[in-house]
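Me: Hi! Could you walk me through this model while I have it open?

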Amino acid sequence: MDAKRTHTLRNRLLPVLSITAVVIIWQLVAQFIVQNRNLLPSFTDVLGAFLVLLESGRLAFDFGTSLMHFGIGVGAALLIGIPLGMAMGWFRDMNTAANPIIEILRPIPPLAWIPFAIIWFGLTPVAAGFIVFVGAFFPVLVNTYSGFKGVPKLFVEAARVLGCTSPTRLIRYVALPAAMPSIAAGIRIAMGVGWMCLVAAELFVGGRYGLGRQLWVSYSLQQMSNVVVYMLLLGILGLAIDVLFRRYVDGKLLKWRTGEVV
Amino acid sequence: MSKLSIDHVSKVFEKNHGEVTIALDDISLEIEDKEFVCFVGPSGCGKTTLLRIIAGLDTATSGEVRLMDMPIRGPDPKRGMVFQEYSLFPWRTVQDNITFGLEMRGVPKADQKTTADTYLNMVGLAQFRGAYPYELSGGMRQRVAIARALANEPDVLLMDEPFGALDAQTRNAMQRELLEIWEETQKTILFVTHSVDEAVFLADLIVILSPRPGRICDIIRVDLARPRERTSPEFAGVRRYVLGLMNSCQLSQ
């Protein structure tokens, strides 16, 4: 019991120590070696810049705007990717027909779609959302597809002898729950890719707010401390989204599975 | 009148190169109501294929199987099945697994619960109703699988080596429990196994199948009184007799 407690204590303490150490080294290097706020703002510079931005009240708008872009993109990816992946995994002809198109479109980097995003949707949140969508769509599609493809035949047969015979019911009661771990893993990857596309999308599409947008504006104004603030915010919020999603999935959707899930 | 009749059933599997395997060759058998029938034979004798045809999961190349004079065309809740592998839906709790068939038929929730209670008690797992399959041992999972099949109130229970993956001790216990359930529910049971010991312990009727092509080699009625004693001389005698028949079946191939 005692050994276990020191163990958990150590597990809690070590990350705090390592982060503190990095911050101290950062501060020392910036303040005494680099000595140039543009080249490397120190920790205290960044902290000060963060407090100023926090006081101005604009961070909430930046965050909200980015979340909207992200939501549009990931939402659309789920809305289209999951049904299409289900259909491709379940109906062989659907896969044969759709697969070549997908294999051609998939390697195109999401950012290569920026010109058309702007031409189709203008300099609007939808255009930024579209870039996120392109990044998030394929992981959702591919994982849903492979999840449906890998539904054990045994479960399908067991359901059929129990009176679950129509394709729609088999999909709803057997294939979907059986494929859920794979779909959840796909959504998690999609959110990671989508979040990365967000900054680039906001750089080009513009607008007044947005974490990626402000990162770029701060750079043009040579406010490098602010750039670091936005970088760290992007990292921390990306992490937060991932952790929240995982907690939801493990606790609600997939509690029937043991151990680490997605 | 017999309830289940297997009428000249043959099954031919065709491979890619036009090669054919005759899995079942002209199988005919009448099975009486409430009878416990075991199919034994070495692997490759088509016993699982025959069971799958009766379940409606496979179709016969020729011949047909009728239940109460109705030809079998596809899977139907009237014929419950317990698989060799663990087939419980891992995303459903024990109780929700048992009520799956009832849910499909649109039985009201309250009635589903009552039925689940009945069969949970029958297999002695009432306290595990909220557990997920991964939390159960192999024997418990197969008990739930039996309860799930019975909850649908089938006329016939098909069992494909359901205890094959269990250790010897659990297996013996499961056989005894299955006989109790059989006496309680009065179902017709068709049970596939490769264990002669299991067949002699369980069956009214043992059907010996021989491999390639799968044929009925012999049918033995086991008249030992129940409950049967595995260690009794009579039991050993029947066992020896069945084993002898199986050997001569293979030799005559």
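What follows is a chat about the helices, the sheets and the contact between the chains.

Reply: Happy to. This is a predicted model, where local features need pLDDT of at least 70 and side-chain atom pairs count only at pLDDT 80 or more, while totals for chains, interfaces and linings use all residues. Residues are numbered from 1 along each chain as its sequence is written, and chains are lettered from A and ligands numbered from 1 in the order in which they are written.

Me: Thanks! How is chain A divided?
Reply: Chain A has domain 1 (1–35) and domain 2 (42–253), with bounds from an automatic or database domain assignment. Their C-alpha centres are 32 Å apart.

Me: Now helices. How do H3 and H6 of chain A cross?
Reply: The axes of H3(A) (residues 59–90) and H6(A) (residues 125–149) come within 6 Å and cross at roughly 30°. That makes H3(A) roughly parallel to H6(A). Angles under 35 degrees count as roughly parallel, over 145 as roughly antiparallel, 65 to 115 as roughly perpendicular and the rest as oblique. Axes here are lines fitted to C-alpha atoms, for helices over the stretch in contact, with angles from 0 to 180 degrees between N-to-C directions. Helices (H or I, at least four residues) and strands (E, at least two) are DSSP runs, numbered from the N terminus.

Me: What residue classes are in the contact of H3(A) with H6(A)?
Reply: There are 26 nonpolar, 8 polar and 1 charged residues in that contact. Ala, Val, Leu, Ile, Met, Phe, Trp, Tyr, Cys and Pro count as nonpolar, Asp, Glu, Lys and Arg as charged, and the others, Gly among them, as polar.

Me: And how does H6(A) pack with H8(A)?
Reply: H6(A) packs with H8(A) (residues 167–205) at about 160°, their axes 7 Å apart. H6(A) and H8(A) are therefore roughly antiparallel. By class, this contact has 24 nonpolar, 8 polar and 1 charged residues.

Me: Switching topic: how many residues does each chain give to the contact between A and B?
Reply: Chain B gives 20 residues and chain A gives 13; residues are in contact if their C-beta atoms, placed from the backbone, lie within 7 Å.

Me: Which elements of chain B give two or more residues there?
Reply: Those are strand E6 (79–82) and helix H3 (100–105) of chain B. H3(B) has the largest share of that side, with 4 residues. The residues on the chain B side divide into 13 nonpolar, 4 polar and 3 charged.

Me: E6(B) again! Which sheet has E6, and in what strand order?
Reply: E6(B) belongs to an open sheet of 6 strands in chain B, in the order E6-E7-E8-E3-E9-E10, with mixed pairing. E6 and E10 (215–221) of chain B stand at the edges with a single partner strand each, so one side of each has no neighbour in the sheet. The twist averages 20° from one strand to the next.

Me: How many bridges pair E6(B) with E7(B)?
Reply: E6(B) and E7(B) (residues 156–160) pair in the parallel sense over 4 bridges, and strands pair if DSSP finds at least two bridges between them.

Technical notes: Two residues are in contact if their C-beta atoms, placed from the backbone, lie within 7 Å.
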